[in-house]
Structures are given as C-alpha cells and as structure tokens.
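Please keep the sequence and the model in view while reading.

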Amino acid sequence: MLSEIADKKTAAQNLLQFTQSREFLSRYKALMGIKDIPDDPASIKLFQAALKDPFFRIRIKALELLDLTHKDQAKALTADVEKLAGNDPKTLVQAAAISALAKTKNKKYLSCLRKE
C-alpha cells in the first residue's frame, strides 16, 4: 500500500457533495461520511435527501444508518420512514424501513410487522 487516504469532511460538506453529485459512489460516500455525526442539522437534511434518492441502495443505507431513537432524527425523519415502509416499490427498502421503525420499540408499528 502506498498511502492511506483519510478524507474528513463536515456534515455540511457531505450534504453539499450528496446534493450536487449525480454519481452513485459520490452520494454513497457522502452518506457514509455522516455516520459518526448523526445529530448535526446538515446530517439530518442529508438523511432526508437520501430517503428520497432514486437509487434504492442509497435509501437502504440511509435507513441502516439512521437511528430513530434520537429525538432530532425521529422528529424529522419518522414520517418519511413510515412512507417507505408501506409504499416503496423495492421490497428491500420496505424491509429496511420496517427494521428502522422496529428499533424504536414503539407498539404502533406492530401493524407494519404483521402486514400480510
């Protein structure tokens, strides 16, 4: 190995990269860049954008990274996650959304888990 590249960006820089890029890899890297700073307002905006992304893998990764037990994330993102759990065309995204909702341990989401 010749070198190791460590690219530390702020949440605002990652948000800018995510919103201005059309490439999957750039948006994916921006999303991964906020996993350690989830409660920053720019991170929450990035999560909101990622949940509406046309690439289903981006939506899945966003659902895996977000934590609805944090009150700031829950307040801003729960409605979007609920929509994905019931209406996303990709069943893998629906499963990730149901998993994200299940982490809250809120009994109102039991109906999502029992859906046939």
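A polar contact is a pair of N or O atoms within 3.5 Å; within protein, one atom must be able to donate a hydrogen and the other to accept it, and residues adjacent in sequence count only if both atoms are side-chain atoms. Such a contact, of 3.1 Å, joins the side chains of Asp88 and Arg59. The model is predicted: local features need pLDDT of at least 70, side-chain atom pairs count only at pLDDT 80 or more, and totals for chains, interfaces and linings use all residues. Residues are numbered from 1 along each chain as its sequence is written, and side-chain values use heavy atoms, with hydrogens and water left out.

- Asp88 lies in the loop between helix H5 (71-87) and H6; helices here are DSSP runs of H or I with at least four residues, numbered from the N terminus.
- Asp88 has a relative accessible area of 7% and is therefore buried (buried means under 20% relative accessible area, exposed over 50%, and partly exposed in between, with a 1.4 Å probe and protein chains only).
- Setting aside residues up to four places away in sequence, Asp88 touches Arg59, Lys83, Val93 and Gln94, where contact means heavy atoms within 4.5 Å.

**Helix H6**

- The 12 residues of H6 should span 16 Å at 1.5 Å a residue, and this agrees with its end C-alpha atoms, which are 16 Å apart; the expected span is 1.5 Å times one less than the number of residues.
- The buried residues of H6 are Val93, Ala96, Ala97, Ala100 and Leu101.
- These residues lie on the same side of H6, because they cover an arc of only 140 degrees around the axis; the arc is that of the directions from the helix axis to the C-beta atoms.
- The cover over the buried residues of H6 includes helix H4 (56-65) and H5.
- Ala97, which is found in H6 (residues 91-102), has a relative accessible area of 0% and so is buried.
- Beyond residues up to four places away in sequence, Ala97 touches Leu63, Val81, Leu84 and Ala85.
- Ala97 and Glu82 are 15 residues apart along the chain, and their C-alpha atoms are separated by 7.1 Å.

**Helix H1**

- Ala11, Asn14, Leu15, Gln17 and Phe18 are buried in helix H1 (residues 11-20).
- Seen down the axis of H1, these buried residues fall within an arc of 165 degrees, so they line one face of the helix.
- Leu16 and Gln20 are exposed on the other side of H1.
- H2, H3 and H4 are what the buried residues of H1 pack against.

**Aromatic residues**

- The structure holds two aromatic pairs; rings of Phe, Tyr and Trp (its six-membered ring) pair if their centres lie within 6.5 Å, and planes under 30 degrees apart count as stacked, over 60 as edge-to-face and the rest as tilted.
- The rings of Phe24 and Tyr28 are stacked, because their centres are 5.7 Å apart and their planes are at 25 degrees.
- Phe24 and Tyr28 are four residues apart in helix H2 (residues 24-32), and therefore about one helical turn separates them.
- Phe24 is partly exposed, with a relative accessible area of 32%, and Tyr28 is partly exposed at 25%.
- The rings of Phe24 and Phe55 have centres 5.5 Å apart and planes at 75 degrees, so this pair is edge-to-face.
- The pair links distant parts of the chain, 31 residues apart: Phe24 is in H2, and Phe55 is in the loop between helix H3 (41-51) and H4.
- Phe55 is partly exposed, with a relative accessible area of 35%.
- One aromatic cluster is formed by Phe24, Tyr28 and Phe55.

**Charges over rings**

- The charged end of Lys90 sits over the ring of Phe56, 4.8 Å from its centre; a charge sits over a ring if NZ of Lys or CZ of Arg is within 6 Å of the ring centre and within 35 degrees of the ring normal.
- Arg27 lies over the face of Phe18, at 5.7 Å from the ring centre.

**Leu31 and Lys61**

- Leu31, in helix H2, counts as buried at 0% relative accessibility.
- Apart from residues up to four places away in sequence, Leu31 touches residues including Leu46, Phe47, Ala50 and Lys61.
- Lys61 lies in helix H4 and is buried, with a relative accessible area of 18%.
- Leaving aside neighbours within four places in sequence, Lys61 is in contact with Tyr28, Leu31 and Met32.

Methods:
Helices (H or I, at least four residues) and strands (E, at least two) are DSSP runs, numbered from the N terminus.
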